[in-house]
Amino acid sequence: MRRIPPIGAPVSPGTRPLLTRPLVTGPLLCAALALSLSACGGDDGGASKGGAAAASLTGRGPITFVTGKDRSGYLQKQVDGWNTDHPKEQVRIIELPDEPNDQRQQMIQNATTRSDAYSVLNLDVVWTAEFAANRWLTPLPKDKVDLAKMLPATVTTGQYRGNLYAVPSTSDAGMLYYRKDLLGKAGVSAPPKTYAEMWSDCDKVKKLPEGKGVDCFFTEVNKTESITISAVEAIGSAGGSIVGADGKPTLNTPQAKQGLEFLVNAKKDGRLPKEAVTLDTEGGRRYFQSGKLLFQRQWPYQYALANSGDGSSKVAGKFAVAQLPGPNGPGVANLGGHNLAVSAFAKNKATSLDFIRYLTGEQSQRANLLATSQAPTLASLYDDPETAKKFPYLPVLKQAITNAKPRPVAVKYGDVTAAIQGEVYDAVTGKKTADQALADLQGALGPLTAQ
Amino acid sequence: MTTTYDGTPPAADTAAAGRPPRPRKRDVQGTKRLAALLLSPTLLVLALVIGYPVLAGFRESLYARGEGLDADGFVVQGERFVGLDNYTAIFHGDRGDAFWNAFGNTTFFTVTTVVLETLIGVSMALIMQRAFRGRALVRASILVPWAIPTAISGLLWRWIFQADGAANAVLRHQILWTADGFQAKLAVVIAEVWKTSPFIGLLVLAGLQMIPRDVYEAARVDGAGPLQQFWRITLPLVKPALLVAVLFRMLDVLRMFDLPAVLIGVNQKSVETLTMIAWFEASNLRYGSAAAYATILFLYIALIAYLFVKLLGADIIGEARQQTKRHHTKRHRRNRPVKGKRKKVTA
């Protein structure tokens with residue numbers, strides 16, 4: 001998933017319409033919450049068989065494909081392609097809300113009621129652990145999916161404890177967008193590879209008449225999932241990690257400190273403008289497109305939009321992309337994207353697996369890339385002359401994905417990311433020192449990842 | 001609850017009215033039985049839609065589920081009775097801080113927004129009540145904010161409050177409204193007051209229109225000025241409607257969720273309310289803990305409502321109580337209480 005939605009979820013827990021009446025409010029609120037809660041958790045009794053029994057992928061027939069809102073409108077065409085070839089195994093698209101958190105909620109609700117309404121799930125890369133650990137997904141046979149052709153970093157996001165639960169269908173990674181026109185005028189020929197180079201490039205551009213009012217650098221630090229991503233990238237670039245390979249938090253390392261201090265100092269020195277804490281992904285895009293920004297960490301989707309000649313972007317044709325910089329050399333990007341999984345409670349799992357193979361196959365991924373510019377997971381598509389011509393950033397993106405680090409893998413990911421968001425935000429806004437924030441985060445993540 | 005009071009007395013009335021005052025014990029008992037029978041569908045529905053969920057929610061709050069992973073990394077299934085652990089956990093350590101922060105926010109929003117809304121709402125009602133040209137237009141336009149869905153108005157205000165938005169352009173000063181901090185609280189208060197003042201205005205207007213003209217005429221004859229008229233006539237006579245409006249608003253704000261969630265975002269210390277914590281717990285699969293938060297919020301709301309009714313005498317229950325009293329003292333003035341009741345309900 002790449003666009004962390006701009007706005008906090010407008011999710012009222014299903015209570016709103018009931019609550020316009022007077023004294024009933026109290027009981028009803030409780031009632032409505034309680035109702036949804038008991039409905040969610042009502043019948044977990046016989047869940048133990050989920051994991052083992054699900055291993056058999058049998059049954060053919062109609063299935064559903066559950067995904068977030070399809071902005072491109074292209075998905076239906078792909079599904080139509082499948083449906084004409086498989087008249088007895090029709091696929092119906094179920095579109096969930098645009099907001100990732102809402103999608104997750106609905107999928108969880110479907111799973112906790114053990115409903116077979118959802119067959120193939122389009123999961124954000126960070127949900128795999130939670131869904132797999134709760135036995136909501138069917139383990140997939142590794143030999144039935146052509147994983148070898150996919151970028152290894154994307155394949156790991158579909159795994160939990162060595163088993164495959166989801167097949168990567170789209171990927172995503174952060175890149176450094178930079179104004180090549182301004183750098184050229186300042187006499188800088190290549191994009192910066194290190195933070196120090198980036199800052200000195202900023203200073204050079206600031207001295208130009210065109211550089212007036214142009215801010216130096218932007219990465220998202222508003223208190224949402226975005227700040228977790230910025231922290232993973234900053235700490236990863238310094239050689240550290242938030243949660244180590246053994247699943248334990250590793251924030252007491254000098255690398256973690258160096259990474260976080262990059263964000264803290266960038267904000268303190270004004271390299272990262274102070275309104276950055278209010279800007280979301282789309283806000284960042286507007287900012288870059290307004291021409292007031294020299295360097296920006298952003299997802300690939302901005303490339304086409306910022307290059308569009310319809311007047312919405314003042315920087316069309318004036319920018320290029322590169323690897324994110326790091327303290328001593330190229331930095332590390334964070335991995336986004338989506339994986340396809342089969343619900344543990346679905347019927348017709350054999351059809352579901354075939355459909356996943358269809359959507360993640362070379363033909364579908366190429367068509368999807370050309371139509372929607374969503375980054376593929378197949379390595380070969382990045383080196384393809386046709387796609388490379390249409391999307392000049394693909395070589396950079398491939399390298400970014402290859403080196404990318406995932407966000408912490410945790411069953412309680414929601415709690416983990418909330419803790420990261422809180423502490424990193426406090427450090428960036430100067431409410432806490434970097435040391436204090438890291439110590440607090442280390443303490444908070446301990447119990448959350450202990451299981 | 002209102003439904004109960006709506007339901008009970010009229011049914012009792014009709015049952016009693018059906019039988020002229022014949023003080024025969026058997027009949028009274030038969031009447032009671034009939035009343036109970038006639039009421040049973042209502043009670044059944046209430047038990048199903050209110051009683052059961054409240055109890056189920058409370059039961060849920062005594063259990064924990066999904067704790068720990070087994071050797072293969074799967075979440076251990078099943079639920080475990082934990083007694084009041086979910087409740088005590090709320091008040092300890094970091095979660096305690098988060099709870100009191102949210103409790104403070106909820107209370108802060110309640111006090112500030114309700115006070116401001118009352119002031120603005122009453123002035124709106126006074127304006128809307130005047131007879132002047134274009135009154136219909138003013139009335140309609142004052143109601144526009146109330147008609148906009150909260151999530152949409154949250155988005156609109158988010159737009160206004162963004163760093164390069166209209167609010168900062170008007171103030172000629174850059175305030176980062178939507179960043180976590182005290183200014184975020186202000187942003188929520190402003191948006192909430194904008195949205196819900198019309199509600200108080202509308203209810204107070206209804207109250208104002210019930211005041212008979214001749215009272216004012218009499219006051220004028222007695223030489224009362226406009227200010228005196230307001231304090232001595234308008235305010236006391238509109239008080240019942242006003243108190244009901246304020247009570248509604250208080251109960252509404254105490255469970256505020258959507259506006260801060262859309263305008264500022266979830267997990268923001270400065271605007272996190274109790275419902276938002278309950279939501280966060282539930283969305284991270286801790287249903288027991290979420291139910292515990294919801295129960296605490298329920299008790300808090302019930303307490304506030306009780307105190308409000310007790311201290312200020314908002315007579316939502318009062319009139320009903322008086323009626324039952326009248327019945328007990330066997331002063332058979334059946335028609336009037338019923339009428340009074342109807343008026344209450346429509347108001």
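**Chain B, residues 34-55**

I looked up residues 34-55 of chain B and found 100% helix and 0% strand, with the end C-alpha atoms 28 Å apart. Helices here are DSSP runs of H or I of at least four residues, strands are E runs of at least two, and both are numbered from the N terminus. The model is a predicted one, in which local features need pLDDT of at least 70 and side-chain atom pairs count only at pLDDT 80 or more, while totals for chains, interfaces and linings use all residues. Residues are numbered from 1 along each chain as its sequence is written, and chains are lettered from A and ligands numbered from 1 in the order in which they are written.

I took the stretch from UniProt, where an unreviewed entry lists "transmembrane region" for residues 34-55, 108-128, 140-160, 186-208, 229-251 and 290-309 of chain B. UniProt positions are given in the numbering used here, feature names are shortened, and annotations may be inferred rather than shown by experiment. I also checked residues 108-128 of chain B, which are 100% helix and 0% strand, with 29 Å between the end C-alpha atoms.

**Chain B, the annotated domain**

I noted that the unreviewed UniProt entry also carries "domain: ABC transmembrane type-1" over residues 103-308 of chain B. I get 79% helix and 0% strand for residues 103-308 of chain B, and the end C-alpha atoms are 18 Å apart.

**Chain B, overall**

I count 15 helices and two strands in chain B. Of the 347 residues in chain B, 32% are buried. A residue is buried if 20 or more other C-beta atoms lie within 10 Å of its own, exposed if 12 or fewer, and partly exposed in between, with C-beta atoms placed from the backbone. Among the contacts in chain B with a separation of 6 or more, 67% are between residues 24 or more positions apart. Contact means that the C-beta atoms of two residues, placed from the backbone, lie within 7 Å.

**Chain B, helix 12**

Why is helix 12 of chain B largely enclosed by the rest of the structure? I found that nine of the 10 residues of this helix (residues 274-283) are buried, so it is largely enclosed. The buried residues of helix 12 of chain B are Leu274(B), Thr275(B), Met276(B), Ile277(B), Ala278(B), Trp279(B), Phe280(B), Glu281(B) and Ala282(B). Leu285(B), which follows helix 12 of chain B, has a positive phi, near 70 degrees.

I have chain B divided into domain 1 (2-80) and domain 2 (93-316). The bounds come from an automatic or database domain assignment. Taken over C-alpha atoms, the centres of domain 1 of chain B and domain 2 of chain B are 31 Å apart. Eight residues of domain 1 of chain B and seven residues of domain 2 of chain B take part in the contact. On the side of domain 1 of chain B that touches domain 2 of chain B, helix 2 (25-60) and strand 1 (63-65) of chain B are the elements that give two or more residues. I sorted the residues of that side of domain 1 of chain B into three nonpolar, three polar and two charged. Ala, Val, Leu, Ile, Met, Phe, Trp, Tyr, Cys and Pro count as nonpolar, Asp, Glu, Lys and Arg as charged, and the others, Gly among them, as polar.

I then turned to chain A, which has 18 helices and 11 strands. Buried residues are 55% of its 451 residues.

The assignment for chain A gives domain 1 (53-172 + 336-403) and domain 2 (175-334 + 409-449). I find 28 Å between the centres of domain 1 of chain A and domain 2 of chain A, taken over C-alpha atoms. The contact uses 14 residues from domain 1 of chain A and 16 residues from domain 2 of chain A.

**Chain A, strands 1 and 2**

I looked at strand 1 (residues 63-67) of chain A, which pairs with strand 2 (residues 91-95) of chain A in the parallel sense over five bridges. Two strands pair if DSSP finds at least two bridges between them. Phe65(A) is opposite Ile93(A) in strand 2 of chain A.

**Chain A, Val205(A)**

I placed Val205(A) in helix 8 (residues 195-207) of chain A. Val205(A) is buried, with 22 other C-beta atoms within 10 Å.
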